[in-house]
Amino acid sequence: MGHRLGDASTPARLAAPDEGIGRDELALATRNHGLPLEALRHDITPPGLHYVLTHYDIPYVPEGTPWPLTLDGRVGRPLRLDLSDLHRFPQVTTRVTLECAGNGRALLTPRPVSQPWLVEAVGTAEWTGVPLRLLLAEAGVEPDAVDVVFTGADHGVERGVEQDYRRALPVEVAMGGDPEVLVAHSMNGAPLPPQHGYPLRLIVPGWYGMAHVKWLRSITVADESFTGFQQAVAYRLRRDPGDAGEPVTRIAPRALLVPPGFPDFMSRARVVRPGTVALEGRAWSGRAPVTRVEVSTDAGHTWRDAEQAPDDGERWAWRRWRYEWTVTPGEHVLSARATDAGGHTQPLEQPWNRGGFVNNLVQRVPVLCLDDEDGSAGGDGE
Ligand SMILES: Nc1nc2c(c(=O)[nH]1)N[C@H]1C(S)=C(S)[C@@H](COP(=O)(O)O)O[C@H]1N2
Ligand SMILES: [Mo]
């Protein structure tokens with residue numbers, strides 16, 4: 001033997017000033033893909049375009065594999081449910097925007113070394129499943145319950161700690177019904193794809209991605225706070241490694257632009273022609289409904305209200321907004337920012353923490369407006 005994984009968790013590393021994205025980050029980035037931002041046009045993200053994040057390996061679960069979901073711990077009647085048992089409960093479908101808590105991480109200075117998201121770790125799907133509170137009611141939760149712990153079938157090691165992927169929700173959230181937490185078996189009307197948790201996952205509308213446990217195989221009701229790695233070590237807002245840190249919970253407001261015009265292959269900078277450009281995008285918040293979206297076409301100096309699509313009652317899904325931009329030749333920087341009914345607005349300065357979580361800094365989209373059809377640049381010239 002002789003090989004050890006380590007006894008304590010080591011803090012995540014911060015990149016040195018000017019240190020580029022490393023091979024380790026690249027390896028994560030090729031597995032965990034983002035939403036191509038042009039797909040923000042879709043109300044519901046088509047399969048394969050939704051972002052994916054998986055800490056360890058995607059479990060191999062061939063169709064028809066028995067998948068007993070257990071519900072035990074501080075309950076009167078422990079349950080063992082197979083997929084057909086779950087189909088006998090009332091079914092609910094909810095449209096939910098899912099976002100990784102690490103979205104925006106790679107834009108931070110200094111950069112926490114981990115999955116290097118820019119702003120694309122987001123997607124919206126219609127999830128169908130059984131309300132968790134009905135399963136908990138069937139099992140009969142004891143009055144001393146504190147946390148409900150969810151375990152996935154994936155296993156790995158993270159910063160020296162070997163573990164199953166496991167997260168908990170406070171019992172009030174698990175049983176509360178607002179948001180309606182689901183044990184979901186379908187995404188956009190079809191069985192979950194392998195990378196999104198086949199055959200079962202948790203859906204916690206309004207919460208960051210880490211709460212939505214994929215490949216869900218057991219639910220345990222506990223009479224004390226859960227202190228597993230993904231709860232007590234990861235997903236906390238810390239400035240220093242020793243801080244206890246606030247836990248990451250609900251999604252902070254964010255607006256993103258559908259990239260206007262067409263891209264330059266390498267820089268991804270956008271190119272448009274002079275005249276009227278219909279800007280559009282999406283905005284969402286898991287904390288309170290988005291009440292305002294503003295657009296800046298001058299690098300954040302001045303802001304004008306965008307027009308929000310009428311409220312369609314999909315509380316947990318992103319909403320479309322639009323803004324007509326009259327553009328002249330030269331270089332421009334576009335931004336959009338969302339404000340929610342709780343008064344939360346996206347910051348203009350980076351909200352930094354060691355894990356690189358909840359960075360909802362306003363997006364900056366450089367755009368070059370050409371002044372004629374044969375592609376010579378206007379403005380400052382070359
Ligand atoms: N079992 C398990 N569930 C998991 C994860 C994981 O690694 N294992 N990753 C979480 C994180 S951090 C995110 S952001 C979401 C991503 O969900 P998606 O891949 O369906 O978009 O799944 C969450 N659920
Ligand atoms: Mo995540």
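Asn188 is found in the loop between strand E7 (182-187) and E8; helices (H or I, at least four residues) and strands (E, at least two) are DSSP runs, numbered from the N terminus. Asn188 is not a glycine, yet has a positive phi of about 50°. Most residues other than glycine have a negative phi, and most peptide bonds are trans.

This is a predicted model, in which local features need pLDDT of at least 70 and side-chain atom pairs count only at pLDDT 80 or more, while totals for chains, interfaces and linings use all residues. Residues are numbered from 1 along each chain as its sequence is written, chains are lettered from A and ligands numbered from 1 in the order in which they are written, and side-chain values use heavy atoms, with hydrogens and water left out.

Two cis peptide bonds can be described next. One joins Thr109 and Pro110, with omega about -10°; Pro110 is in the loop between E3 and E4. Another runs from Tyr198 to Pro199, with omega near 5°. Pro199 lies in the loop between strand E8 (190-191) and strand E9 (201-203).

Ligand 1 is surrounded by 20 residues (a heavy atom within 4 Å). The closest are His55, Asp154, His196, Arg201 and Lys214. By class, this shell has ten nonpolar, seven polar and three charged residues. Here Ala, Val, Leu, Ile, Met, Phe, Trp, Tyr, Cys and Pro count as nonpolar, Asp, Glu, Lys and Arg as charged, and the others, Gly among them, as polar.

| Residue | Protein atom | Ligand 1 atom | Distance |
|---|---|---|---|
| His55 | polar backbone atom | oxygen | 2.8 Å |
| Arg201 | polar side-chain atom | oxygen | 2.7 Å |
| His212 | backbone N or O atom | nitrogen | 3.1 Å |

Taken alone, ligand 1 exposes 530 Å², and the protein buries 100% of that (Shrake-Rupley method, 1.4 Å probe). Ligand 1 sits in the largest cavity. A cavity is a set of points on a 1 Å grid over the protein atoms alone where a 1.4 Å probe fits but cannot get out; a molecule sits in it if more than half of its atoms lie within 2 Å of its grid points.

The whole structure has three aromatic pairs, meaning rings of Phe, Tyr and Trp (its six-membered ring) with centres within 6.5 Å. Tyr51 and Trp117 form one that is edge-to-face (planes over 60 degrees apart), at 5.9 Å centre to centre and 85° between the planes. Tyr51 lies in the loop between helix H1 (23-31) and strand E1 (69-73) and Trp117 in the loop between strand E3 (92-99) and strand E4 (122-131), so the pair ties together parts 66 residues apart in sequence.

Key: A polar contact is a pair of N or O atoms within 3.5 Å; within protein, one must be able to donate a hydrogen and the other to accept it, and residues adjacent in sequence count only if both atoms are side-chain atoms. On a 1 Å grid over the protein atoms alone, a cavity is a set of points where a 1.4 Å probe fits but cannot get out, and a pocket is an open set with protein on both sides within 12 Å along at least five of seven lines; lining residues have an atom within 4 Å of a point. Rings of Phe, Tyr and Trp (its six-membered ring) pair if their centres lie within 6.5 Å; planes under 30 degrees apart count as stacked, over 60 as edge-to-face and the rest as tilted.
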